[in-house]
Amino acid sequence: MQCSYLIFLAVVCTAHSVLSMSLKEISDACKKEHNFDGDLDKINYDDPEFPKEAKCTLACSFEKNGVLKADGSFDKEKDKEAVEEIVKDEVLKAKLMAAIDECDVTAKADKCEAAYEFVKCKKAKAGPH
């Protein structure tokens, strides 16, 4: 499985087993809400033309799962819980946990940009797999 797909899963899910919507339902709803028809697990996060719609889809998913707070900051503990629950590869899990700690994206008024920067940082810190 591609690293970007695992990172996307890790950052948009919470560890709570009872969710009102499944990960796919949340992703689909956010994609529709922000008019994004691309594939977040295949998109290049280093592309300077990274679509605003994709950034906002990420933010929407984070918000719906409680990872992105109302003030634009991230609940790193919720993100870590998600990694713990979702990622089975222990090496990848350790890299993602470290990346969560290392990626200190300051709260921004533009939640879309904040979500994108957080995912991009974690992807860069976790490295290729």
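The link of Cys103 and Cys121 is left-handed, with -90° about the S-S bond. Cys103 lies in the loop between helix H5 (90-102) and H6, and Cys121 in helix H6, so the pair ties together parts 18 residues apart in sequence. Helices here are DSSP runs of H or I, at least four residues, numbered from the N terminus. This is a predicted model: local features need pLDDT of at least 70, side-chain atom pairs count only at pLDDT 80 or more, and totals for chains, interfaces and linings use all residues. Residues are numbered from 1 along each chain as its sequence is written, and side-chain values use heavy atoms, leaving out hydrogens and water.

**Disulfides**
- The whole structure holds three disulfides (pairs of cysteine sulfur atoms within 2.5 Å).
- In Cys103 and Cys121, the sulfur atoms are 2.0 Å apart.
- Cys103 is buried, at 0% relative accessible area (buried means under 20%, with a 1.4 Å probe and protein chains only).
- Cys30 and Cys60 also form a disulfide, with sulfur atoms 2.1 Å apart.
- This pair links helix H2 to helix H3, 30 residues apart.
- Cys56 is joined to Cys112, and this link is right-handed, with 105° about the S-S bond.

**Aromatic rings**
- There are five aromatic pairs (rings of Phe, Tyr and Trp, using its six-membered ring, with centres within 6.5 Å; planes under 30 degrees apart are stacked, over 60 edge-to-face, the rest tilted).
- Phe50 and Tyr116 form a tilted pair, 4.5 Å centre to centre, with 35° between the planes.
- Tyr45, Phe50 and Tyr116 are linked into a cluster by ring pairs.
- Phe50 is buried at 6% relative accessibility, and Tyr116 is buried at 7%.

Technical notes: Buried means under 20% relative accessible area, exposed over 50%, partly exposed in between (1.4 Å probe, protein chains only). Helices (H or I, at least four residues) and strands (E, at least two) are DSSP runs, numbered from the N terminus.
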